[in-house]
Amino acid sequence: MDPADPTDPVDGPPLESIEPAFSVYEIAVDDEEIRYYGTPQMAPERMMRELWRDFRDAGYDVQLTVRRGEYVLVAEPLSLGPDGVPWTNVFLLLATVVSTLFAGTMWYGIDPIANPAEMWRAWPFTVAILGVLGVHEMGHYVLSRYHRVDASLPYFLPVPTLIGTMGAVIKMKGQMPDRKALFDIGVAGPIAGLVATVVVTVVGLHLPPVPVPEGATDPNATQIRLGFPPMLELIAAAVDQPLYADDPTRNVNPVVIGGWVGMFITFLNLIPVGQLDGGHILRAMAGDLQETIAALVPGVLFALAGYLYYVGDYSGNSVFIWVFWGLFTGLLAAVGPAVPIDDDRLDRKRFALGVVTFGLGLLCFMPAPIAVIN
C-alpha cells in the first residue's frame, strides 16, 4: 500500500505521543497493520518502555524491527480471545478424549482391542486427566486475558503414552508488558492446576479400588509402578484414605492417577528455565539472575539421572526421563525466558507467593516417577 503522510490520522496513538521517543518520517497502513518508519531518539529498550503503553491503550501491540536498513515500529491490533470457532483446539481435545480413554482402559483392566465398546468405562480417568491439565492451562489463559496479553486457548496433545497425552499448552503471542503480568500468568497455571489436582486426588482416594488385571500379580509379568510424591502421601494422610493397597489383587482407583499426573506436570512446569512456568516466575522474581540459575538446571537433572543409574536401585525408565528433561531444559535455557518491557522489580506479596509456589512444586517431586519392572 502507498505510504501515508506522517501527518495523516491513523488509528494508532497520536504522533505527538510517539515523536519524543521515535521520530516518524513515514507511515504505511497495510490492512490492519500500521508501520511507522523513523529514527529512535533513545536506546531501543528504553524507547519501547516509553511507547508500549500508548500503543496498548490505543488497542495495538507494537514491535521494533529493521527493514531494508530502516527502523520500523510495526503496530498490529491487540487480539484477545479466539476469532471464530477454534477448530484445531476442538479437534485435539476430542482426539485426547479418545487417547486418554484408550490409555485409561489399562488402569481399569480392560482390553480395548478385544472389547472396544468397553472403553467408555474409563471416563472417570479421562475426566481426571483432562480436568487437571485443562484447569492448569485455563489459569494461564484467564490471567493472559486479564493482563491483555494475546494467548491461544489450550491445545491438548494426544499421544499414546501411559496416560494417553503429553499434556496441554497455550501459545503466548503477545508481548509481556511487565514483571507483574509475567508473574501472574506464569503462576496462575500451577496454582489453578494444583487446586484441581487436590480435588481430583481426594475424590479418587474415596472411590473404590480396582482389581489388578489378570496375570499382573504373576512375578514374571511386566509391572508398572508409579512413584508417589510427598504431596500425594500428605493428601492421603489428611483424608485418612489408604494409598497402598493391603490386598495385592487391588490397585488405587485410576482417578488417583489423574492427581498423580497433575503433581508430576506441576513439578515439570515449575522447573525454572526458559518458557516453562517456573522460568516465567523466576524471571519475574529475580530478573536477569534467572538465566544464571537456568544454566545450572540441566546439570542438576543429569546428575539426578546419574545418581539413579549408578547408585539408586531404579529402573532405566526413570533415568531416561531425567536425561530427556536435562536435554530439553538445556535447549529452553539457551532460548531464554520471556523479557517484560517494563522490568521494574516485583512487589513483596508476589515474591512471597512465588516462593510458596516453588515449595509446593518440590512437594510434587519424585525421583523415580515411573518404573517398568520386567
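Biologist: In which helix does S144 lie?
Modeller: Please keep in mind that this is a predicted model. Within it, S144 belongs to the helix that covers residues 123–146, and that is helix 4.

Biologist: Is S144 buried or exposed?
Modeller: Leaving aside residues up to four places away in sequence, S144 touches V149, A151, M172 and I185. The relative accessibility of S144 is 0%, and because the cut-off for burial is under 20%, S144 counts as buried.

Biologist: And L94, is that residue buried or exposed?
Modeller: L94 is found in helix 3, which comprises residues 87–108. Its relative accessible area is 54%, and since exposed means over 50%, L94 is exposed.

Biologist: How are helix 5 and helix 7 oriented to each other?
Modeller: Helix 5 (residues 179–206) and helix 7 (residues 254–269) pack with their axes 7 Å apart, at an angle of about 155°. Angles over 145 degrees count as roughly antiparallel, so the two helices, helix 5 and helix 7, are roughly antiparallel.

Biologist: How far apart are the end C-alpha atoms of residues 252–271?
Modeller: An unreviewed UniProt entry annotates residues 252–271 as a transmembrane region. In the model this span is 80% helix and 0% strand, and its end C-alpha atoms lie apart by 28 Å.

Notes. Residues numbered from 1 in each chain as written. Predicted model: local features only at pLDDT ≥ 70, side-chain atom pairs only at ≥ 80, totals over all residues. Heavy atoms only, no water. Helix = DSSP H or I, 4+ residues; strand = E, 2+ residues; numbered from the N terminus. Buried < 20%, exposed > 50% of the residue type's maximum accessible area, 1.4 Å probe, protein only. Contact = heavy atoms within 4.5 Å. UniProt positions renumbered as here; feature names shortened; annotations may be inferred. Axes fitted to C-alpha atoms, helices over the stretch in contact; angles between N-to-C directions. Parallel < 35°, antiparallel > 145°, perpendicular 65-115°, else oblique.
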